[in-house]
Amino acid sequence: MFKVQVQDLGKVFGAYSPETVPALQDVNLSVVDGEFVTLVGASGCGKSTLLRILAGLETHTSGAVHCNGTPITGPGADRAMVFQHYSLYPWLTVMENIKFSRRLKFNREDLSSSDVEEASGRADALLDLIGLSKVADAYPNQLSGGMQQRVAIARALMGKPAMLLMDEPFGALDAQTREVMHDLILHIHRIEKTTIVFVTHDVDEAIYLGQRVVLMQPRPGRIHSVYPVPLPRERNQEMKHGTEFRALKAEILSRIRESSGMATDQDLLDKLSRTAAI
Ligand SMILES: Nc1ncnc2c1ncn2[C@@H]1O[C@H](COP(=O)(O)OP(=O)(O)O)[C@@H](O)[C@H]1O
Ligand SMILES: [Mg+2]
């Protein structure tokens, strides 16, 4: 069974320079097979850093992080990342973009015809899952932002990763498109049974998607609380107006307000006034 374990994790940027930034401190978290966990918190609280460490794109400076009992030391096919910017290849069609990651995994000479067939079948199924079968031959610049992000998600799923790591993937989309994407990613989670760790600074998004919401705090980045979401697994937009949803949202927002906003600006003002007389 797939499992990620983070123990007493710490990350200090610039450990060997005078300006060190403690990005993460004493982070403990485990994520089990098939879970949908959201990380929420003010800007700068270390969400992206934690996600990048899970992806193996960033090293940690203390503690440990394991995937199925093995230390994470770099990227792996079991963990795929989706970023805010769609990062598709503009010269490849939708279908070619989805198949691309698969191509990197093999030497092309090693591909048998059944490999090719299996990959085509998987790509077709994913295109169908994201509702873009009709535009398989279109190029990214012909698609809307939401459609491009669907393709990026399908591409990440192509190699059947056990875990999808998503860093504010819908942050650049308008509110209506974001709602559609929320229901799509929940559908994908049900069908593919991928474990998902999803970073956002939007509290509504964190609660609507997550089975657990991990609230992080800045300076230094750490986990403040972990909230189980008191909603059924099957979500619908109506639930956002319910009592449980609103109560959890109010609680999380007040915790975020305590630790950010003016306080963050004050730090910056202090720093600026020390370095340049403003
Ligand atoms: N490559 C880096 N070098 C130095 N500091 C960094 C680097 N990346 C992030 N940081 C700092 O680490 C802290 C956490 O950043 P990040 O993980 O991006 O937060 P979030 O995603 O929650 O906004 C911030 O203070 C940020 O400035
Ligand atoms: Mg970030």
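Student: Which residue in S4 is the bridge partner of Val4?

Tutor: The partner of Val4 in S4 is Cys67. Please bear in mind that this is a predicted model.

Student: How many bridges link S1 and S4, and in which sense do they pair, parallel or antiparallel?

Tutor: Five bridges join strand S1 (residues 3–13) to strand S4 (residues 62–67), and the pairing is antiparallel.

Student: What is the strand order of the sheet?

Tutor: The order is S2-S1-S4-S5, in an open sheet of four strands with antiparallel pairing. Strand S2 (21–32) and strand S5 (70–71) are the edge strands, each pairing on one side only.

Student: Which strands does helix H1 lie across?

Tutor: Helix H1, residues 47–55, lies across S1, S2 and S4. Relative to S2, helix H1 runs at about 60°.

Student: Now the domains. Where are they divided?

Tutor: Domain 1 comprises 1–78 + 161–229, and domain 2 comprises 88–160. The contact between them involves 15 residues from domain 1 and twelve residues from domain 2.

Student: Which helix gives the most to the domain 1 side?

Tutor: Helix H5 (residues 175–192) does, contributing seven residues to the side of domain 1 that touches domain 2.

Student: And how do the residues on that side divide into nonpolar, polar and charged?

Tutor: On the side of domain 1 that touches domain 2, twelve are nonpolar, two are polar and one is charged.

Student: What separates the domain centres?

Tutor: Taken over C-alpha atoms, the centres of domain 1 and domain 2 are separated by 25 Å.

Methods:
Residues numbered from 1 in each chain as written. Chains lettered and ligands numbered in written order. Predicted model: local features only at pLDDT ≥ 70, side-chain atom pairs only at ≥ 80, totals over all residues. Pairing = 2+ DSSP bridges. Helix = DSSP H or I, 4+ residues; strand = E, 2+ residues; numbered from the N terminus. Contact = placed C-beta atoms within 7 Å. Axes fitted to C-alpha atoms, helices over the stretch in contact; angles between N-to-C directions. Domains from an automatic or database assignment. Nonpolar A, V, L, I, M, F, W, Y, C, P; charged D, E, K, R; others polar.
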